[in-house]
Amino acid sequence: MVLISIILVILTFPLSLFCIFVVVRQFERAVILRNGKVHKNRAYGPGLIFYLPCVDTIKFIDLRTFVYSVPPQDVLTKDSLTVSVDAVVFYKITDPVLAVLSVTDYKLSTHYLAATTLRNALGTRKLSEVLANRPAVSHQVFELMKHIIRDWGIQIVRVEIKDIRLPIQLQKAMAVEAESTRLANAKIIVAKAEIESTKNLELATGILMDNPICMQLRYLQSLNTIAGEKTHTIVFPFSVDTFKKIFNK
């Protein structure tokens, strides 16, 4: 068959020149299948390459990085909560011969693998872990895909979690839980402040009771503060001991 093809090329020369050469662009490689087998077990290009039209089949492989947006996947997390997650996968061809021989459609296979791997990875984590640590989930998906598609001549460049959507009821429940946590923390802070204030008042009371002059100065300071507020009524506090002394006299 090869010999017949060469004879046909010679007989139709120079018209055959338009059929036996093909241009491979800089970012492409060409895999030639001659009688169903890979010719010389390698890829050709870039540039002008020669092939036999009757016996050769050319497969062009793009070496640029592909971007695939994984559609939203409804996933059941480890704590039995349903979330919708989508991601972006970047990959490229490193071995054009393996990409042609190892898998029927390397693009479609990579897309399906990305979707299933994303669901499997999220199924091993709780919702709190997914929300708090997206890079860890992305790295897990990256590692799982890397070892599988290596045999296809494909390299995973990057995996990123794009968005995580929660059901409305779950969002409301999480908001109520967060609000309750904030209120509980606020009450704890207020209680600690009251304990500290009580200790300081107790300490101040002991100091003032030991020194009557300090007590009198504090009393006058309080009256000065009340008088400075432009009030029409001023309350003079008297202790029980003072009343006893007045009435006894």
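Hi everyone. Before the tour starts, one definition: two strands count as paired if DSSP finds at least two bridges between them. With that in hand, let me show you this structure, and please keep in mind that the model is predicted.

First, the overall picture. The protein has 249 residues, and 28% of them count as buried. Its secondary structure comes to eight helices and eight strands. The accessible surface is about 17,100 Å², and carbon and sulfur atoms account for 61% of that. If you take the contacts between residues at least 6 apart in sequence, 66% of them join residues at least 24 apart.

Now to the sheets. Let's begin with the one that has the order β3-β2-β5: an open sheet of three strands, with antiparallel pairing. Which strands sit at its edges? They are β3, residues 37-44, and β5, residues 56-62, and each of them pairs on one side only. From one strand to the next, the twist averages 20 degrees. If you follow β2, residues 28-34, you will find four bridges joining this strand to β3, and the two run antiparallel.

I'd like to stop at one residue here, Ala30, which is found in strand β2. Its bridge partner in β3 is Tyr44. Is Ala30 buried or exposed? Ala30 is buried, because its relative accessible area is 0%, and the cut-off for buried is under 20%. So what does Ala30 touch, leaving out residues up to four places away in sequence? The answer is Val24, Ala43, Tyr44, Ile49, Ile58, Lys59 and Phe60. Take Ala43 from that list: Ala30 and Ala43 are 13 residues apart in sequence, yet their C-alpha atoms are 5.4 Å apart in space.

As a reminder, strands of a sheet pair through backbone hydrogen bonds, either parallel or antiparallel. For β7, residues 82-93, and β8, the pairing is antiparallel and extends over ten bridges. As one example to look for on the screen, Tyr91 has Ile156 in β8 as its bridge partner.

Next, charges. Side chains of opposite charge can pair when their charged atoms come close. How many salt bridges does the structure hold? It holds eight, and I'll show you a few.

One of them joins Glu28 and Arg25, with the closest N and O atoms 2.6 Å apart.

Another is between Glu160 and Arg158, at 2.8 Å from N to O. Glu160 is partly exposed because its relative accessible area is 30%, and Arg158 counts as partly exposed at 48%.

Then there is Asp163 with Arg165, whose side chains meet in a salt bridge at 3.4 Å, N to O. Asp163 is partly exposed at 25% relative accessibility, and Arg165 is partly exposed at 39%. This pair belongs to a network of salt bridges that links Asp86, Asp163 and Arg165.

Last stop, the surface. Which residues form a nonpolar patch there? They are Phe13, Leu15, Leu17, Phe18, Phe21, Val23, Leu48 and Phe50, with about 900 Å² of accessible area together. The elements that give two or more residues to the patch are β1, residues 21-24, and β4, residues 47-50. Leu48 counts as exposed because its relative accessibility is 60%, and exposed means over 50%.

Note on methods: Residues numbered from 1 in each chain as written. Predicted model: local features only at pLDDT ≥ 70, side-chain atom pairs only at ≥ 80, totals over all residues. Heavy atoms only, no water. Patch = residues over 30% accessible without salt bridge, like charges linked within 9 Å, V, L, I, M, F, W, Y side chains within 5 Å. Areas by Shrake-Rupley, 256 points an atom, 1.4 Å probe, with all protein chains shown as cover. Salt bridge = Lys/Arg side-chain N within 4 Å of Asp/Glu carboxyl O. Buried < 20%, exposed > 50% of the residue type's maximum accessible area, 1.4 Å probe, protein only. Contact = heavy atoms within 4.5 Å. Axes fitted to C-alpha atoms, helices over the stretch in contact; angles between N-to-C directions.
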